[in-house]
Amino acid sequence: MSNYVLKTTNLCKCFKSYKALDNVSVTLEKGKIYGLIGKNGAGKTTLMRIVSGLSYATEGTIELFGASSAKEYNKQLSKIGTLIEYPSLNGRMTAKQNIKLVKIMRGIKDKSVDDELLEMVGLGSVDPKKKVKDFSLGMRQRLGIAIAMLTNPELLILDEPVNGLDPVGVVEIRNLIKKLNQEKNITVLISSHNLPELYQTATDYIIIDKGVIKQTLTLDELEKKCEHYLSITCDDPDKAIKVIENELGTKKYKRMQDGSIRLYDFVDEKQKVSDALFNNHIKVYEFSRLGETLENYFLSVIGESGNV
Amino acid sequence: MFNLIKAELYKMSKMTSIYISFLICCVSAIGVTYVLYGINQGTFELEMSTNVSLLGDSMLVSLLGGILSGVLIAGDFTNKNIHSQIVCGKGRLAIILSKFFAFAIGMVFITLPYVITSVIGFATEMDCHDLIGVPSQFMDVLTNADGVEVNGGHIAKAVLVVLLIVFLYIARLSICIPVAFKTKKTIPVIITGFVSAFLFDIISSAVSSVDGISDFFSALPYSMMTECTMSVDTEGVIKILISGIVFTAAMLAITFAMFRKDEVK
C-alpha cells in the first residue's frame, strides 16, 4: 500500500477567468504535519475545500488514500476530519448536541467520546446547557476541532484552526495536534497566517502563491534556509578556521567564495568567538550575526513583501 | 444514508420552528373544526366559515412547509452543517435524499392535527358545516362533503384520502428542495413554498385552453389535490400516486443535477 494519504496531480481550479489553483501537485505522506502557507487568496482554502469534497477541480487528478474515482473518493472522505474556514456548527444546539449530531451522521455509538473530546479541546468546564450561538469565536473553534477529530481521522484538514484563540488556546491546540500526530499517526494539513506558530507545529511546509506551489520543504530544510550564523571577515581566513576548529572545537562553519566565514555554532556566544580570534591576533574587519527570519524567507519565496 | 436521515431527524427534533408549526396547525385544525361545528349549532354566523378558511391547510401547510424546508435544508448551508454531511462520504445524492425524507417526515408531523381532526370528524359524523372560502381537502373529509355513508370501509378510505392529501402536500412542496440547494437561503425557499401553489393556479387558468399544456398542468400534484376526496376511485388513487412520485422524483433529479458538482461555501 502507498505511503501517501493524498496526492494531487496538476490540479487546477478556475472561477470564470480567475485561476485559483494552477497545476498544483502535492503529495502528503502518512504521519506528517504539513503547514500550508500562503497569502490571502493564494489558494490554500480552495485546495483544502477540493480535498474535502466541498469543491471540485476544473482539471487534474486527486487521490485520497489511493482512491481517485468519484465513488471511491467519497468513501475515503469518511477517513478525514475537517475544519474549513469556520466550524460547521448548529447554533441552536449545545456543544454536546453538536457532537451527537455528527456522531449520528457517522454512525458512532461510543458515548464516552463526547466528554473526552470536550475535555481535550478545553471545553470540559463549559455550561452543558449553553447554546453554541452564545459561544465565543475561540470556543466555537475548539468545538470545531473536537468535531473534526470525532472520527479518529487519518487525515486532519485544519484551515486557520487557531483563529480567534487566546495564547493559551493556541498552545493547547498546537500540543493537541502534535499529540494526535505522534500518538495516532494522524496526517495533518494545516494552514495558518501565524508563521511562528506553524513553525512550531509542522514537520513539512507547502508554500503556495497565486494558486501555484512555490516550494515544498521539510522542517530540516526550512531550518537550514533560516539558519542563523556569524559572518566573519578577517585578514587571515585560514588561521581563523584553525582557531574555530581547535579552540572553539566546532566544524559547523562554511568558507565562502568571498573569503568570509559563516560560523553556524556559537551564534549566541559572539564574545567567545571574538575573544578567540583576538587572542590569536586575527584582525577582524566584519563580525555580525546574520540569517533569514521565517517570515522573510517565505516572503522571499513568494517574491514580494506582504501579508502572509 | 440511514445515518444521515437519523441525523436530520435529530436536528429537526431540536428545531423550535417545527414545534411552533405543529402548534399552529393544532390550533387552526381544531379552530376551523370548532367554528364549522358551531355554525351548524348556531353558535357562529355563516360568514365565519369564510374567515376561518384562511386558517385551512391549503394556506398554512404551504407556508409552514416552506419554512420547514427552508430551515431544514437551506439552514445547513448557512451554519455550514453541510460540510459535516459531505465529509461523511455518503455522497451528495444521499445528502439530498436524506434531507427529502426528513422533510417528508416533518411534513407528516406538521399536518398530523389536520389528519387526526379530519378522520375523527368523519368517523364520528360530526355535525359540521361545509367550509366556504379557501378550499380545504382535509375539511372536505371532515365535513363529509361528498355525503358518503359512514362505515368501517369508508373510515378506512377517509384515512387513505387524508394520507394522500399529506402525500400531495409533500410532493408539491418538494419544489422547495432544488430552490433550497440552489439559493442556499431560507427566505427564497419559504416564498417558493407559499407562492408556488397560487402561481400554479394562475398559470393553470391561463393555459387551460391550450391543448397539451393544460393536460400537463392537470397531471401535476397541484391539480391532483382536488381529486383527493371521498369519491376518489382506485384509478384516481394511482393517478395521484404517480403524479406525486414523478413530480417529486423530477424535483430531486433537478436538485441532484444542480448540487452534484456545486461549490459549497
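Trainee: What is the mean pLDDT of chain A?
Mentor: This is a predicted model, and pLDDT is the predictor's confidence in each residue, from 0 to 100. In chain A, 98% of the residues reach 70 or more, and the mean pLDDT of the chain is 86.

Trainee: Where in chain A is confidence lowest?
Mentor: Confidence is highest in strand β7 (residues 187-191) of chain A, at a mean of 93. At the other end, with a mean of 78, stands helix α11 (residues 294-302) of chain A.

Trainee: Which element gives the most to the side of chain A that touches chain B?
Mentor: On that side, 28 residues of chain A are in contact with 21 residues of chain B. The elements α2 (70-77), β5 (80-83) and α3 (95-106) of chain A each supply at least two residues of the side that touches chain B. With 7 residues, the element that gives the most is α3(A).

Trainee: Which are the edge strands of the open sheet in chain A?
Mentor: The sheet has 6 strands in the order β5-β6-β7-β3-β8-β9 (chain A), with mixed pairing. An edge strand pairs on one side only, and this holds for β5 and β9 (212-218) of chain A.

Trainee: Which residue in β6(A) does Thr82(A) stand opposite?
Mentor: Strands of a sheet pair through backbone hydrogen bonds, either parallel or antiparallel. Here β5(A) runs parallel to strand β6 (residues 155-159) of chain A, and 4 bridges join them. The residue in β6(A) that stands opposite Thr82(A) is Ile157(A).

Trainee: What angle does the direction of α11(A) make with that of β8(A)?
Mentor: Helix α11(A) packs on the sheet, where it touches β3 (33-37), β8 (204-209) and β9 of chain A. Its direction and that of β8(A) make an angle of about 45°.

How values were computed: Residues numbered from 1 in each chain as written. Chains lettered and ligands numbered in written order. Predicted model: local features only at pLDDT ≥ 70, side-chain atom pairs only at ≥ 80, totals over all residues. Contact = placed C-beta atoms within 7 Å. Pairing = 2+ DSSP bridges. Axes fitted to C-alpha atoms, helices over the stretch in contact; angles between N-to-C directions.
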